[in-house]
Amino acid sequence: MSTHRSSSIDHQSPALGPRPSALDPRISHAPPRTSHPAPRSSLLALIGNTPLLRLTGFEAEIGPGVEIYAKAEWHNPGGSVKDRAAWRMIADGERSGALQPGGTILDATSGNTGIAYAMLGAALGYRVRLCVPANVTPERLRMLRAYGAEVVLTDPMDGSDGAIREARRLHDADPSLFYPDQYNNAANWRAHYETTAPEIWAQTGGRVTHLVAGLGTSGTFVGTARRLRELNPAIALISVQPDSALHGVEGLKHMASSIVPGIYDAAIADDDLRISTEEAHELTRRLAARHGLLAGVSSGAALAAVLRVAARARDAVIVTVFPDGGARYLSDRFWEDDL
Ligand code: PMP
């Protein structure tokens, strides 16, 4: 049987024509030429264009007439929304010459921007030095170091403001370091003006009626809100803050008790909602356990604000931004609480 099969294959092969010899001078043995230059890093093409998730489970609680969507920003290659801003700030530094090939990026970050700088630095050939409050979770610290970043730990009692002061001090001591200063860099909000907002507009077919987003550096809210307001002057723009200075919503700022970011413009918001850490925790746990979405705590805070807006809205298409995934916060004790 097997003899028959192989003989039939042998019998057919001449019908396919003579096989070209490996040494046939009419055939080029050079590697194929590609028409595009090699990208600097394939990671860059993965930033942005994140999925817009429809939260039908939460819509059902509100009743008919309200659609709720969230941008799943953990789909960025560094796992958070901050890839967008970090890449835009680095690209600006390259264009202006402030960041030279092989140079060092310095900044203060509570975590996600640092991860984005560290990832991009490793991919693009820059050194990265980050000032981080010492109460950063062990897995975050490991991640930063895994990407090869140098971490300068600052007093946890001074929070993110202490990290900002240390970054300024290091930059004053060595002005050749590239200090993007995400709190005062227009490239931060512009990243969202140019990417996040047009994506939301396209993904909702221009139907978005409300934007709800948390305030950290405020880049996400300010940039996305500015562009969406140009596209639809009637849109409602709602920012979200923790309700107290001592809160547990990583990534968000209680503006009244913080160094206010230079890029923050409070006048853009039609409303500014305050969320407790407990509400943010509860909704983060509900997202995971009842809806299959393992998101970070600031996503829970954003969702708490969305539900307040939804409860008094009619015929609304509410869009929020879920800045990162929950795997980064698994050592946080709130996961053990009952729902
Ligand atoms: N949530 C998380 C988890 C963050 O890391 C950040 C960034 N600090 C934010 C929300 C707020 O984003 P932005 O800095 O654009 O205001």
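Here are some exercises on the structure above, each with a worked solution.

The structure is a predicted model, in which local features need pLDDT of at least 70, side-chain atom pairs count only at pLDDT 80 or more, and totals for chains, interfaces and linings use all residues. Residues are numbered from 1 along each chain as its sequence is written.

**Exercise 1. The chain as a whole**

Find how many helices and strands the chain has, and what share of its residues is buried.

Solution. 
- Begin with the secondary structure: there are 10 helices and nine strands. Helices (H or I, at least four residues) and strands (E, at least two) are DSSP runs, numbered from the N terminus.
- Next, burial. A residue is buried if 20 or more other C-beta atoms lie within 10 Å of its own, exposed if 12 or fewer, and partly exposed in between, with C-beta atoms placed from the backbone. Of the 339 residues in the chain, 45% are buried.
- Finally, contacts: two residues are in contact if their C-beta atoms, placed from the backbone, lie within 7 Å. Among the contacts with a separation of 6 or more, 71% are between residues 24 or more positions apart.

**Exercise 2. A three-stranded sheet**

Work out the strand order of the open sheet that contains S4, and say which strands stand at its edges.

Solution. 
- The order is S3-S4-S5, and the pairing is parallel. Two strands pair if DSSP finds at least two bridges between them.
- Strand S3 (104-108) and strand S5 (150-154) are at the edges; each has a single partner strand, so one side of each lacks a neighbour in the sheet.
- From one strand to the next, the twist averages 15°.
- Now zoom in on one pair: S4 (residues 127-133) is joined to S5 by five bridges. Arg 129 has Glu 150 in S5 as its bridge partner.
- Axes are lines fitted to C-alpha atoms, for helices over the stretch in contact, and angles run from 0 to 180 degrees between N-to-C directions.

**Exercise 3. Thr 113 and Arg 54**

For each of these residues, decide: is Thr 113 buried or exposed, and is Arg 54 buried or exposed?

Solution. 
- Thr 113 sits in helix H4 (residues 112-124). It counts as buried because it has 27 C-beta neighbours inside 10 Å.
- Beyond its neighbours within four places in sequence, Thr 113 contacts Lys 82, Ala 85, Ala 86, Asp 107 and Gln 182. Its C-alpha atom is 6.4 Å from that of Ala 86, 27 residues apart along the chain.
- Arg 54 belongs to strand S1 (residues 52-54). With 12 C-beta neighbours inside 10 Å, Arg 54 counts as exposed.
- Not counting residues up to four places away in sequence, Arg 54 touches Glu 67 and Tyr 69.

**Exercise 4. An enclosed strand**

Explain why strand S7 is described as largely enclosed.

Solution. 
- Count the buried residues of S7 (residues 236-242): seven of the seven are buried, so the rest of the structure largely encloses this strand.
- Check the two sides. Ala 236, Ile 238, Val 240 and Pro 242 point one way, Leu 237, Ser 239 and Gln 241 point the other way, and all are buried.
- In a regular strand the side chains alternate between the two faces of the sheet.
- Look for the partner: five bridges connect S7 with strand S6 (residues 210-214), and the two run parallel. One of the links pairs Leu 211 with Leu 237.
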